[in-house]
Amino acid sequence: MSGILVRAWRRYRDTPLFAKMTGGFVLGLIVALVFGQQAQVLSPIGDILLNLLQLVVIPIIMLTLIDAVNSTRSGSLVRVAFKTFAFYLMTTVAAVVISLALALLVNPGTGLQRPEKGTETPDPPSFIDQLVGIFPENIFQALADGKILALIFVSMIVGLTMAGMRRSSDSTISDFGTLLYKFVLAAKEMTFRILAGILQYAPFGIFALAASDIGSQGFDALAALGKLTGVVYAGLAAQILLVYIPLLAINRIPIGGFFRVAGEPMATAFTTQSSSGTIPVSLKATKNAGILQEVSGFVIPLGATINMDGAVIRLGASVVLAANIVGHDMSMLELGAIVLTATFVSIGTAGVPGAGLIGLTILLQQAGLPLETVALVAGVDVILGMGATMLNITGDLVGVHLIDKSEKKRVSREQRAASKPADGSSS
């Protein structure tokens, strides 16, 4: 009997993670269709997966960033940061423009009724609060609250300080810095080994999440908001086909190779609806793909916090839906304001399930549209959140590949220049 169990475990272990997660989602969808609301009994199994992913998110972010800063050559960090922010800004603006264009073409809210008043909506954080929150007064509170931007800031400060200690001319300080760096490397290796075990459980958690979340929403809600769902998913597809794939092709990055690397993180993001929870899976995938650690260690954690292309597509379509419900024709000035607002709202949006509703509240307030629409969109928030989170992660991975190739080209040019004789003669 034990031999059978061992062989079964090995066969399961050796099955590609993407295939296991896909199988879990399909089975969960079947259970949701058959049992509906009763499938919620499985939700604790899915909650365990989300908790386990969140368990390793913070140490992986901090340890990877500290290591990345220490591995970065002088000047590289600033250059990588500039490229990262430029890429995120460009793709976010493109995403919200695509979303508004499709939504205005379809008018998803036509025929829908305005939800009753009295629905509670989340209190949106102000931009100033988000900015001040980057600089924590208590690192332990920031750890407990999972404030990703604050932890990224602290990790970079620690990494830069540690790198300075390692390069110190004082041998004692240099030894201390080296000792600290070895501890970071050891802790990072331990964390990734823990992650490997969590990923073996992931298919079971994904099965439970799909069954309980989709089953609890009810397919009547999906039918009632079918237009909105169609617009959002068309926008997600358009972002991939019109923005991401051309960027990859222009930079001569194989499309098939990219999606082989991105498959597991995309599937994890789709089923868990958690950008931050997918960080460990994304880092593992980019490591296996040979991406420079100094690039992936910076771009992936930052992208999970501020790069929300999928979120702004959902926000743009939802705002048009709200305008349709009250019969308001939006002017070009209003549309331009939504583009800018949605772009900034996406920065600092927590990459966890349900956070899109906070962003929608901010946009509706800015546009003077009924906040009750939040309750209507919440009816299909699970369906929209799955696709939006998947696109968020896809955008992060596109950025990693583009910046990685750019950095490798620069290194190659430097090496060729260094190999040439000083007088310019060939040997």
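**Helix H10 and the chain around it**

Colleague: Where is the kink in H10 centred?

Modeller: H10 bends by about 30 degrees, the bend at a residue being the angle between axes fitted to the seven residues ending there and the seven starting there. Helices are DSSP runs of H or I with at least four residues, and strands are E runs of at least two, numbered from the N terminus. This is a predicted model, in which local features need pLDDT of at least 70, side-chain atom pairs count only at pLDDT 80 or more, and totals for chains, interfaces and linings use all residues. With residues numbered from 1 along each chain as its sequence is written, and side-chain values using heavy atoms without hydrogens or water, the kink is centred on Ile 240.

Colleague: Which residue just after H10 has a positive phi?

Modeller: The phi in question is about 55 degrees, and the residue that takes this value just after H10 is Arg 252.

Colleague: How far apart are the end C-alpha atoms of residues 86–106?

Modeller: UniProt, in an unreviewed entry, lists residues 86–106 among its transmembrane regions, an annotation that may be inferred rather than shown by experiment. In the model this span is 100% helix and 0% strand, with its end C-alpha atoms apart by 31 Å.

Colleague: How many helices does the protein chain have?

Modeller: The protein chain contains 0 strands, and its number of helices is 18.
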